[in-house]
Amino acid sequence: MATDGSKNGNRSQLLYTTIFLILFFVCLNTQFNFFTFSSLKTYFISPSPAPPPLPLSTSHVIKKDETVEERLARARFAILEAGRMKRYKMPWRLNDRSFTPRGSVYRNPYAFHQSHIEMEKSFKVWAYKEGELPIFHGGPMNNIYSSEGQIMDEIESQKSRFLAQNPEEALVFFLPVSVVSIRHYLYRSHADYDRRIIQDVVTDYIGVLSHKYPYWNRSSGADHFFVSCHDWAPDVTATNPKLYEHFIRVLCNANSSEGFRPARDVSLPELNIPYEHLGPPLIGQPPENRSILAFFAGGNHGQVRKYLFEVWDGKDEEIQVFKYLPKTLNYSELMGRAKFCLCPSGWEVASPRIVESISSGCVPVIVSDHYVLPFSDVLDWSKFSIHVPVKKIPEIKKILEGVGIHEYIKMQKMVMKVQRHFIIHRPSRAYDLIDMVLHSVWLRRLNVKLS
C-alpha cells in the first residue's frame, strides 16, 4: 500500500509535469508565432461514457497507446525548434523539394515547413465504413458546396497518402456524413428549416460508432472530425454541446459569433467548382493592366450584400458592383482586370469570391464581420488581403484609394504566392487546398494529449 508521502510525491510530480507542458505550449505560441490560437493549451482527454442512444460496454474504454503520444511530442518539439532556430530541415523524403514556404506571407515559415514534414511522417486518417449512400460516403462534387464533397471523396478514394490502413494506426477519425445530402434527401420540402433531423442523424451515427468501437469514447471525440460546407452545419452540434465539446468541425460557415471555435474548428474555403472541371482557373492581368479599382457581382442575399448594393450599385465607375452581371460582360474577365475584388458575406460569413479572387490574382477585400479566415494558423492574411468591417462599406473607395501603388504591387505578388494553397488537385498534392485543410486538422490533433 502506498504511503501518504509517496501519494503526495506522485501528486507533486503530476502537478509539475502539467505545469511544464502548459508553459511549453505557451512558449510555442508567444515566441514563435506558429500556433495562433487565442489561448493555446494541450487538452488532456480522459475516457468518457458513450453518448445516447446506445450504451457503452466498459470493455471498450482503453488507454491510448503511449508510443503515439511520444511520437506527437517529438513532432511538437521539432516544430518548436524549427520556429525558434529559424532554420529549415531537409525534407524527410529526398524527392520532396519542389516547394518550401518562405516569406512574410507565412506567420512562421520555418515552423510551418517543419509541421508539414511531421504531418507527412505521422498523420493518418481513418474513415468509418458504417452508413450508406446517399447520406454517408458522398457529397456534392460541384457548385457551391463542392469543397465538402471533394474532401470527403479524397479521404475515401483510397488514393490519399494520409489514408490509414487500419483504425489502430490512425491519428484522426473521419465521420463521412454529408449535411448537404441530409438536407436534400431527408427533408420533405425546401421550406422545412427544422435542424433536428440533421442533428439526430449525426448524433445517432456517433452513438453507433461509439457502441461498436472504442475510439470516440477514449478521446471524447477530440481526434474525430467531419467536413461540411452547408450553412446549417454548425447547428449539428447545438443539440448536445457536451457530446461535441472536443469534436473537430471543418466548416465553411466559420462564424466566431455563432460558436465557431478557432482552437478546435477548421475554417474550410468555400468553392464553386463547375461541372467537369476542378477550377477556378488561374487567370488575370498583371498589375499594370488592371484598370478597375474594385469589382463585385453576385446575388442580393444577406444583410451585408443588401447594404453593399444600397451604397455602391451603379453609383461609381471605379467601384463596379452588380446584382446581376449583364450578359454583355464576362465575370472572369472583370475579376482579372480588377485590382481589388470585393468578397462580402451572403447568408453566411463565407463566400466563394475569396478563392475566385485569389485565383484571379485580385487582392481580396473581405467585407465581413466575425469570419475566421481559412489557414490563418499559418497564413498572414493582412499581407495579401484587406478587411473592411461591414459598418465601413461606405468608406470602401477611400480605403482602397489609400493603398499606395508599391503597397498594392506587394500585396498582389503575395496573392500570386498563396494561389497554390487554394487550388484543388485530385489526388491531392502537398500544400494544395485539400492538403492545407488536413494540415489544419493535424494542428488541432497536435493540441490534444490523450490520457
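The chain folds into 13 helices and 12 strands, where helices (H or I, at least four residues) and strands (E, at least two) are DSSP runs numbered from the N terminus. This is a predicted model, in which local features need pLDDT of at least 70 and side-chain atom pairs count only at pLDDT 80 or more, while totals for chains, interfaces and linings use all residues. Residues are numbered from 1 along each chain as its sequence is written, and side-chain values use heavy atoms, with hydrogens and water left out.

Of the 451 residues in the chain, 53% are buried; buried means under 20% relative accessible area, exposed over 50%, and partly exposed in between, with a 1.4 Å probe and protein chains only. Looking at contacts (heavy atoms within 4.5 Å) with a separation of 6 or more, 72% come from residues 24 or more positions apart.

Tyr408, Met411, Gln412, Met414, Val415 and Val418 are the buried residues in helix 12. Viewed down the helix 12 axis, these buried residues fall within an arc of 155 degrees, so they line one face of the helix; the arc is that of the directions from the helix axis to the C-beta atoms. On the face turned away from the buried side sit the exposed residues Ile405, His406, Lys410 and Lys413. As for partners, the buried residues of helix 12 pack against strand 9 (338–344), helix 10 (353–359), strand 10 (363–367) and strand 11 (386–388).

Helix 13 (residues 433–446) takes part in two helix pairs described here. With helix 3 (residues 109–122), helix 13 packs at an angle of about 90 degrees, the axes being 10 Å apart. Axes here are lines fitted to C-alpha atoms, for helices over the stretch in contact, and angles run from 0 to 180 degrees between N-to-C directions. Helix 3 and helix 13 are therefore roughly perpendicular to each other; angles under 35 degrees count as roughly parallel, over 145 as roughly antiparallel, 65 to 115 as roughly perpendicular and the rest as oblique. Phe112, Ser115, His116, Glu118, Met119 and Ser122 of helix 3 meet Asp435, Met436, Leu438, His439, Trp442 and Leu443 of helix 13. This contact between helix 3 and helix 13 comprises 6 nonpolar, 4 polar and 2 charged residues, with Ala, Val, Leu, Ile, Met, Phe, Trp, Tyr, Cys and Pro counted as nonpolar, Asp, Glu, Lys and Arg as charged, and the others, Gly among them, as polar.

One residue of that contact deserves a second look. His116 lies in helix 3 and counts as buried at 2% relative accessibility. Beyond its neighbours within four places in sequence, His116 touches Arg161, Ala430, Tyr431, Asp435 and His439. His116 and Asp435 are 319 residues apart in sequence, yet their C-alpha atoms are 9.5 Å apart in space.

The other pair joins helix 4 (146–156) to helix 13, at an angle of about 80 degrees and with axes 11 Å apart. That makes helix 4 roughly perpendicular to helix 13. From helix 4, Gln150, Ile151, Glu154 and Ile155 meet Ile434, Val437 and Leu438 of helix 13. The residues of this contact divide into 5 nonpolar, 1 polar and 1 charged.

Moving to the strands, Leu251 is part of strand 5 (residues 248–251) and counts as buried at 1% relative accessibility. Leaving out residues up to four places away in sequence, Leu251 is in contact with Phe226, Ser228, Ala233, Pro234, Phe260, Val266, Ser267 and Leu268.

Finally, the backbone has some features in loops. A cis peptide bond links Leu133 to Pro134, with omega about 5 degrees, and Pro134 sits in the loop between strand 2 (125–127) and helix 4. Another cis peptide bond links Arg426 to Pro427, with omega about 0 degrees; Pro427 belongs to the loop between helix 12 and helix 13. Lys86, a residue other than glycine, has a positive phi near 50 degrees. Lys86 is in the loop between helix 2 (66–85) and helix 3 and counts as exposed at 59% relative accessibility.
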